[in-house]
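The sequence and the structure come first.

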Amino acid sequence: MAIARFGRQAKRSYGFCVKMTAVAILGLCFIFIWSVFSPSSSVTSQRSTFGDIAEPVSANGQINQSQISSVKKEPESEVKAGEKKYTFESKANGSVPNTHKSEKVAAANETMKVPKVGHKEENEGSKGSGNDEVENEKEEEAELEEIKEEDLVQGDVDVDQEVEGVEKEEDGSSESRSRGKKRKELGPLFDPKAHYTWRSCSTRSKHNYIPCIDIESVSKRLQSYRHRERSCPKMPVVCLVPLPPEGYGTPVSWPESKIKILKKNVAHPKLAAFIKTQSWVVESGEYLTFPQNQSEIMGGIVHYLESIEEMVPDVEWGKNIRTVLDMGCSDSSFEASLLDKDVFTLTLGLKDDLVDLAQVGLERGFPAVVSPFGTRRLPFPSGVFDAIHCGECRIHWHSNGGKLLVEMNRILRPGGYFILSTKHSSIEGEEAISTLTASICWNILAHKTDEVSDVGVKIYQKPESNDIYKLRRKKIHPLCKENENPDASWYVPIKSCLHTIPAAIEQRGTEWPEEWPKRLQTFPDWMNNRAELIADTEHWKAIVDKSYLTGMGIDWSNIRNIMDMKAINGGLCQGYSFAAALSSQKVWVMNVVPVHVPDTLPIIFERGLVGIYHDWCESFGTYPRSYDHLHADHLFSRLKNRCKQPVGIVVEMERVLRPGGWAIIRDKVEILDPLEGIFRSFQWEIRLTFAQGKEGILCVRKTMWRP
């Protein structure tokens, strides 16, 4: 018995030793793997092309040849020592597994403190605060520190992969996880050792692919090419959209593009059949031509606009009315004629499986965005459009309790006009619209059926004060709660309530803006830091005049459509200053205010310019090859590691920029250096690199290259 007991104890001791040895070996393996794969804290070395130069452009606006870097294209098959090779193949949508922190994780984090323009949630969002750059920098870093491990597990991040910029917990105990606190170390936005090879996208929409709007499934059950609501791929798109099947030609320059465009640049399967049924567009050889004053409306668009002014003289196109939203894109003649009257008309291209007319408008040089319009708010602030036009836009305004018209009420300026014109209207539809407009207290100013065009036109006006709301007998649409933000719009569902109209003099919307063009140089009382805003305008005017217009080698006669990807600079509205500085050129600027920065979009609209909210972790709502020029001022340095795959933002720039188009990026040198490598992998021309201290500028030009 004693011998047996001794044997059992020996076995137990032996098993305990084996377990301890295994634990020690696993611990050593963990330390070895951690030391190999942990991000380096070393600073990216600065290349010779980023020399210390006193000024980017001399006083006479010329750049020395020594400041312009030569274009050196590396063979794709060659990978330098120590580099990582990334091959992006197009499977379903060209997306790749995520290696960065999910933006949705940050939005879901209950401890987030910084108020933004809007969040990707199905509840109330919040507008960007007016805090300065430093405050937002600190709060965004605090936001990163408070990411919970369970959020990562429930999100799109593969927990078996290393998440760059976020350290794993050394102690994997349940107690440590429950605290939700992690030490983090922000790595570089772009891997400086990465080497990229690209593949073409293979999607249902082919050369017209819009990632967050087009349905990628090839199922025959799906009759539509478009989502009813914005729905982005789970992983960022990192494939390159192919060119049209017949090739792509240099776009016709403005203003000639008003009357003709290259047909192959807007190739669509059903466009040719559609053109044969229209009078406002004619197929002429390799071009599509647009006869002057021809439109879907009989009698011409000029007669139509003049009749509106006769019905309501206060409209005064180009003076009292400057910013207009055109719901649904038809023949672009409305935008073309209003442009001649100094009216900035932004077309909202709704989903259209037939011909994609918004793309035709962009090719002609007219402002347009593409967005579904169903249950979510449009990405605009409240009370910014002087007028909204719906000409045969085929929107059922009275459906779903009239929520779509309530959304029009939100974005329409107090005292603004809603113009509704249609040829075919039923008695039931007329009664439903009358009941709905009365419930939101719109005053019908005029109702007339034109004898020439046989088009019935109704002009409504939004109330200018809250007094009329108090007189309502039936409050079908109640007033919104005071704490509900009217400007929150990014992934925010449409509300059925009405926001109160600003009453205090220091609030935006209490007074109608000055007449154009005085409006561009006017700073109302509600604008904070007016002195800084004026100084910022002068700053960007000097940059545009001395650098952009003369020092980059850009032929601005071929530039029409411009996007400012980050129309903000701390608490100052750089976007409108950049756009205002270019106002003397024959261009238009789409001012994009990212959702994670302070909100200055209302100021942009107040000065008679237009813009939109957007999250650059997702694809923009426009067609491929829409813009001639992209401008990004410290966009990437402000993004930090909030996007899943930051290289997807660069791929999105490649998608929306036209071949032969230009991009100017101003940012930190540590970001510009690897960014230049990505552009080289696209086979783009590197036209200028310049640095002064830690800041730099990169000017590139897109080529026709496709993988």
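A residue is called buried when its relative accessible area is under 20%, and exposed when that area is over 50%. Cysteine 497 has a relative accessible area of 12%, so cysteine 497 is buried. The model in view is a predicted one.

**Disulfides in the chain**

How many disulfides does a search of the whole structure find? The search finds 5. With the bonded cysteines numbered in sequence order, the pairing runs 1-4, 2-3, 5-6, 7-8, 9-10.

| Pair | S to S distance | Torsion about the S-S bond |
|---|---|---|
| cysteine 201 and cysteine 239 | 1.9 Å | about 100 degrees |
| cysteine 212 and cysteine 232 | 2.0 Å | 110 degrees |
| cysteine 480 and cysteine 497 | 2.0 Å | about 95 degrees |

**Cysteine 201 and cysteine 239**

A disulfide joins cysteine 201 to cysteine 239. The pair links distant parts of the chain, 38 residues apart, with cysteine 201 and cysteine 239 each in the loop between β2 (194-197) and β3 (260-262). The torsion about their S-S bond is about 100 degrees, so this disulfide is right-handed. Cysteine 201 is buried at 8% relative accessible area, and cysteine 239 is buried at 2%.

**Cysteine 212 and cysteine 232**

Cysteine 212 and cysteine 232 form another disulfide. Both cysteine 212 and cysteine 232 lie in the loop between β2 and β3, so their link ties together parts 20 residues apart in sequence. The link of cysteine 212 and cysteine 232 is right-handed. Is cysteine 232 buried or exposed? Its relative accessible area is 19%, and the cut-off for buried is under 20%, so cysteine 232 counts as buried. Cysteine 212, with a relative accessible area of 1%, is buried.

Cysteine 480 is buried, at 9% relative accessible area.

**Two further cysteines**

Cysteine 441 is buried, with a relative accessible area of 8%. Cysteine 699 has 0% relative accessibility and counts as buried.

Methods: Residues are numbered from 1 along each chain as its sequence is written. This is a predicted model: local features need pLDDT of at least 70, side-chain atom pairs count only at pLDDT 80 or more; totals for chains, interfaces and linings use all residues. Side-chain values use heavy atoms; hydrogens and water are left out. A disulfide is a pair of cysteine sulfur atoms within 2.5 Å. Helices (H or I, at least four residues) and strands (E, at least two) are DSSP runs, numbered from the N terminus. Buried means under 20% relative accessible area, exposed over 50%, partly exposed in between (1.4 Å probe, protein chains only).
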